Amino acid sequence: MAGQHTITIKAGGSEKDYWKDLWLNRQLLWILSKRDISVRYKQTLLGVAWSVLRPLATMIVMVFVFSYLAKIKSDPGVPYPLMVLSGLTIWTFFSNTFTQISNSILINSNLVSKVYFPRLLMPLSSIAVGFVDFLITFGIFLLLTFFFRHPISWQIVFLPCFILLTFITSLGFGLFFAVLNVRFRDIGQLIPFLVQVGMYACPVAYSSTLAQGTWFEKYYNLNPLVGIIDGFRWCLLGDQAYFNPQSLYSTAVLSLIILILSLIYFRRKENTFVDHI
Amino acid sequence: MPVIVAENISKKYIIDHQRKTGSPSLRDIVTDTMNKWFSGKRNDAGFAEKEEFWALRDVNFSIDQGDRIGIVGHNGAGKSTLLKILSRITEPTTGQIKINGRIASLLEVGTGFHPELTGRENIFLNGAILGMSKSEIRQSFDAIVDFAGVEKFLDTPVKRYSSGMYVRLGFAIAAHLNPEILIVDEVLAVGDTEFQKKCLGKMRDVSESGRTLLFVSHNLTAIQALCNKSFYFEKGRLIDQGETTHIITNYLSKVSHKMLEKHWDNIENAPGNDQVRIKSFRLIPDYQDDLRHIDVRTPVSFEFEFWNLIEDANLNLSMHLYTFTGECIFNVGTQSESFAKGLVSGKCELPGNFLNDGSYVVSMMIVKDTSTVLYNMEEALVFDIEDYRENVTWYGKWPGYIRPQLNFSIRQIEHAVND
């Protein structure tokens, strides 16, 4: 019972022990993640089937609209459905986690106002649901590659890097919006819109070769997700899929900078969340 | 050795008079900024009417290990803000607190319970939220289930629980926390008497095992029973601290007894919200003799008036009467009726020879559709009832909350035979 556990509370005194606290609370992170996952499928008729149906249906619609109607070509040697589904897999992972993170503080407002733990646990735990969905979609993708008899390339070993990058990027954007969301409820309206626009701004339904040589190429590549999606595809579909490894450096640096800035912003605001909820 | 040392703690809130609730929308910020740019000054209708409010002001104290501190004070005195700061839910504006030891706070029963999850799942979830490790929870799992009495419903989602079961489970988990410092806020306000006794017992165990307890309650009896020292807060300041009996006597004597009437002429500054506003609440005694005071014989009536601001509202009134130490004596409600916009009044008559002598606190609730509380006017009136006895030669304190005159007779049924 000796008081080895000493804390000091003061204004703006985001204690030096924050990261240690976060580590000590890792069990809570796990439990909150598990809660989100099990709550998600309770009281739904189709349960986990939703995670299979949604990406499949989106893919079919996209194949119909972009390939069949608009006659957009995929990279040579890559079946269009596979190109769409690979892009969709990683984009959905990004957009789901981004949305969940942005809403994480408000959704857990009952906790924020009644109990203390490092607030960063809420955005972190909200990633779990998106990740489970990602794994399911990824499984569907693998099945489809057998169906189209497209060989899995050796580059698949780089896949974890791109998943990590996606994670960093969604956390970077998500944390920033999570803080804004507490302050301004309008942000809640803005997020689905951003996600919708984002899907077209990123090479999900088309190959980014289409942007090559255009006047906006420079700006297009500033979007960190362009490099991530291209790279993710390259890992799965091999060299036939377009990927400019150069873009990876700017993507990684940019994502990290965004994450660090967002983290600083989040840390500065988290202790006053409760006053705005 | 002090386990908590607080120096110059203050907490400031900004109250925005323009918006009653919620966060500012982006539009407010944008229009305000635009106005600032274009007119060169702040727009009066926008952001200007902000007022600082100090929920706590220059609070200093030191708590030793094993102390059981009761915190008393009126609503809005800063008690809850202090607990929130100690629990690290919000930061103080100035000052600092040093805490030695693992701290757990129970500001609500069943924090983070998810309605869709089963009792079992929620025990682990809530335990983790309150800071227990998985192995700690597993160790006390059976004890928790036993204490709450929910064995049969462990695998039922808690949304199917009765409110009593919900509260019991929530408290049971919290009761098995093993912190060095435990902070408890008014959790006894819920649950039935039996359960409250159980809770108090558990809290006594905690305090007797040498741990430190901070306890906020309106129930002075509970504070007296549990706490050896007390803090008395008024308007954000810690105005007195010391032994519990001393503090409670002080608190009771300082509180202005006899708030027999409250009224507001102007709807603008009347308490309430955009649905109802209070016009007046008064207690009218029907004095029985020339002495102008209320005693146990005096019938009194409560008259309440409010402005109803919603068209065709189904409203009823619900009145609570509390003892001064916070026990509820009764709760009465009117029938629910439909009212048009405008002034509405209610009246409740309390017969003489009903309440015992003492100090009483009345609160009045306006309820819509028999379930939604539109406004709760807490501690609205305070009144004293003096003692009065006839033909009695005993002057001890008359026991009980009420002192009704019932048909209670005594008679001789048989005479002993005289020989």
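How far apart do the C-alpha centres of domain 1 of chain B and domain 2 of chain B lie? They lie 31 Å apart. Domain 1 covers 2-12 + 57-254 of chain B, and domain 2 covers 261-385. These bounds come from an automatic or database domain assignment.

This is a predicted model, in which local features need pLDDT of at least 70, side-chain atom pairs count only at pLDDT 80 or more, and totals for chains, interfaces and linings use all residues. Residues are numbered from 1 along each chain as its sequence is written, while chains are lettered from A and ligands numbered from 1 in the order in which they are written.

Two residues are in contact if their C-beta atoms, placed from the backbone, lie within 7 Å. Domain 1 of chain B gives seven residues to the contact, and domain 2 of chain B gives six.

Next comes the meeting of the chains. Here 37 residues come from chain B and 32 residues from chain A. Helices (H or I, at least four residues) and strands (E, at least two) are DSSP runs, numbered from the N terminus. On the side of chain B that touches chain A, β4 (94-100) and α3 (119-129) of chain B each give two or more residues. The largest share, seven residues, is from β4(B). By class, this side of chain B has 15 nonpolar, 14 polar and eight charged residues. Nonpolar means Ala, Val, Leu, Ile, Met, Phe, Trp, Tyr, Cys and Pro; charged means Asp, Glu, Lys and Arg; the others, Gly among them, are polar.

Two strands pair if DSSP finds at least two bridges between them. Strand β1 (residues 6-10) of chain A joins β4(B) in the antiparallel sense, over five bridges.

How confident is the predictor? The complex gets an ipTM of 0.81 and a pTM of 0.71. For single residues there is pLDDT, the predictor's confidence in each residue, from 0 to 100. Chain B has a mean pLDDT of 83, and 86% of its residues reach 70 or more. Within chain B, confidence is lowest in helix α1 (residues 26-39), at a mean of 65. It is highest in strand β12 (residues 300-308), at 94. Over residues 41-48 of chain B, the pLDDT is below 50. Where pLDDT is low, the predicted coordinates should not be read in detail.
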